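Here is a note for a colleague who has not seen this model before. The points below are meant to be read alongside the structure.

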Amino acid sequence: HQQDLDTLRLAKRISYLSHKHWQEYLDLLMPYDGKPWSEIPIDILQKAERAMKKAQSYDKQWNKLMGI
């Protein structure tokens with residue numbers, strides 16, 4: 001039972017971190033909604049890419065932990 005609780009706590013933490021990075025990604029790109037990619041400053045695109053990769057990494061960890 002304790003192992004299941006520990007797994008759920010870890011899953012909750014991973015889920016929180018994933019959400020945090022997806023939100024960062026959206027917050028960075030939201031001001032440019034509807035504009036061509038070429039109009040988004042390169043530093044914003046780079047920050048958004050880093051946030052997306054971190055979020056995807058946490059999503060992958062969560063899926064593995066949950067057996068998906």
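1. The aromatic pairs come to a count of 1 in this predicted model. The pair is formed by Trp 22 and Tyr 25, whose ring centres are 5.7 Å apart. Their planes stand at 90 degrees, and because an angle over 60 counts as edge-to-face, the pair is classed that way.

2. Both residues of the pair belong to helix H1. Trp 22 and Tyr 25 are 3 residues apart there, so about one helical turn separates them. Trp 22 has a relative accessible area of 27% and is therefore partly exposed.

3. Setting aside neighbours within four places in sequence, His 21 is in contact with Ala 51, Lys 54, Ala 55 and Tyr 58.

4. How do the two helices H1 and H2 lie relative to each other? Helix H1 covers residues 2-29 and helix H2 covers residues 42-66. Their axes come within 8 Å and cross at roughly 160 degrees. This angle makes H1 roughly antiparallel to H2, because angles over 145 degrees count as such.

5. The crossing of H1 past H2 is left-handed. Sorted by class, the residues in the contact of H1 with H2 are 18 nonpolar, 6 polar and 4 charged.

Methods:
Residues are numbered from 1 along each chain as its sequence is written. This is a predicted model: local features need pLDDT of at least 70, side-chain atom pairs count only at pLDDT 80 or more; totals for chains, interfaces and linings use all residues. Side-chain values use heavy atoms; hydrogens and water are left out. Axes are lines fitted to C-alpha atoms, for helices over the stretch in contact, and angles run from 0 to 180 degrees between N-to-C directions. Helices (H or I, at least four residues) and strands (E, at least two) are DSSP runs, numbered from the N terminus. Angles under 35 degrees count as roughly parallel, over 145 as roughly antiparallel, 65 to 115 as roughly perpendicular and the rest as oblique. A crossing is left-handed if the near helix is turned anticlockwise from the far one by less than a right angle, and right-handed if clockwise. Ala, Val, Leu, Ile, Met, Phe, Trp, Tyr, Cys and Pro count as nonpolar, Asp, Glu, Lys and Arg as charged, and the others, Gly among them, as polar. Contact means heavy atoms within 4.5 Å. Rings of Phe, Tyr and Trp (its six-membered ring) pair if their centres lie within 6.5 Å; planes under 30 degrees apart count as stacked, over 60 as edge-to-face and the rest as tilted. Buried means under 20% relative accessible area, exposed over 50%, partly exposed in between (1.4 Å probe, protein chains only).
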